[in-house]
Amino acid sequence: MKRESFTPIQAQQVAAAFSKHQVDYMFIGKSGAILLGYPGTTQDVDVFPRKDIENGRRIVSALAELGFEIDSTLGAEIVRGKDFVQIKNGPFDIDLVFAPDGIENYDDAKARVDMSSGFPVANIRDIIESKRAAKRPRDAIELPLLRAFQRMYEEKNP
């Protein structure tokens with residue numbers, strides 16, 4: 001089944017459910033950049049949640065409320081904070097990235113979080129560094145565009 005592209009409505013749904021369940025998180029990756037105004041598309045919602053058992057339990061509850069099917073194996077991966085959890089069995093695709101490449105730790109990234117969109121989004125520099133550190137071919141194509149967006153974004157938002 002072909003999925004539609006990421007939309008701010010999906011971000012609103014995640015934000016509302018995560019807020020209700022007190023999940024500590026931020027948007028990251030290309031979906032995070034899009035929330036900051038980057039003119040691209042992506043197929044999933046990328047979330048960088050705090051890695052701890054209680055936060056993991058809250059994530060499971062929030063995702064179940066959103067309509068994701070969370071079986072015991074998937075639930076255990078989320079609760080323990082497996083580095084990367086890709087979920088495709090819900091109303092849209094979501095990636096939980098508990099250990100993004102290029103970002104030392106959650107607390108440092110959270111201190112730099114960008115709230116200008118109304119959503120907690122990783123700082124554009126962290127998004128770019130994560131994509132650079134991942135060394136995936138598709139990110140190598142995107143990096144010059146993200147860097148150009150960063151320059152424009154930082155001029156508008158000093």
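What span should the 14 residues of helix α3 have at 1.5 Å a residue, and how far apart are its end C-alpha atoms?

**Entry 1: helix α3**

I am working with a predicted model here, and I began with α3, which covers residues 53–66. At 1.5 Å a residue the helix should span 20 Å, and I find its end C-alpha atoms 20 Å apart, so the two values agree.

Next I checked how the helix begins and ends. Asp52 caps the N-terminal end of α3, with a side-chain oxygen 3.1 Å from the backbone nitrogen of Glu54. After the helix comes Gly67, and I noted its positive phi, near 105 degrees.

Then I asked myself which residues of α3 are buried. My list reads Asn55, Gly56, Ile59, Val60, Ala62 and Leu63. Their cover includes the helices α1 (8–20) and α4 (72–80), along with β2, β3 and β4.

**Entry 2: Asp24**

I moved on to Asp24, which sits in the loop between α1 and β1 (25–27). Is Asp24 buried or exposed? Its relative accessible area is 19%, and buried means under 20%, so I log Asp24 as buried.

The side chain of Asp24 makes a polar contact of 2.7 Å with that of Arg50. Setting aside neighbours within four places in sequence, I also find Asp24 in contact with Pro49, Asn55, Tyr106 and Lys110. One of these, Asn55, was already in my notes as a buried residue of α3.

**Entry 3: Ile34**

Ile34 belongs to helix α2. I looked up its relative accessible area and got 17%, so this residue is buried too. Leaving out residues up to four places away in sequence, Ile34 touches Phe6, Gly40, Thr41 and Thr42. I also looked at Val121: it is 87 residues from Ile34 in sequence, yet the C-alpha atoms of the two are 9.9 Å apart in space.

**Entry 4: the largest pocket**

I finished with the largest pocket, which holds about 510 Å³ of space. It is lined by 23 residues, and those closest to its centre are Asp46, Lys131, Arg136, Arg138 and Asp139.

Which elements supply at least two lining residues each? I wrote down the helices α2 (29–35), α6 (124–134) and α7 (137–156), and the strands β2 (44–49), β3 (84–87) and β4 (93–97). The most comes from α6, with four residues.

Sorted by class, the lining has 11 charged, seven nonpolar and five polar residues. I also like the link back to my first entry: β2, β3 and β4 supply lining residues here, and these strands are among the cover of the buried residues of α3.

Note on methods:
Residues are numbered from 1 along each chain as its sequence is written. This is a predicted model: local features need pLDDT of at least 70, side-chain atom pairs count only at pLDDT 80 or more; totals for chains, interfaces and linings use all residues. Side-chain values use heavy atoms; hydrogens and water are left out. On a 1 Å grid over the protein atoms alone, a cavity is a set of points where a 1.4 Å probe fits but cannot get out, and a pocket is an open set with protein on both sides within 12 Å along at least five of seven lines; lining residues have an atom within 4 Å of a point. Grid points are joined across faces, edges and corners, and a volume is the space filled by probe spheres set on the points. Ala, Val, Leu, Ile, Met, Phe, Trp, Tyr, Cys and Pro count as nonpolar, Asp, Glu, Lys and Arg as charged, and the others, Gly among them, as polar. The expected span of a helix is 1.5 Å times one less than its number of residues. Buried means under 20% relative accessible area, exposed over 50%, partly exposed in between (1.4 Å probe, protein chains only). Contact means heavy atoms within 4.5 Å. A polar contact is a pair of N or O atoms within 3.5 Å; within protein, one must be able to donate a hydrogen and the other to accept it, and residues adjacent in sequence count only if both atoms are side-chain atoms.
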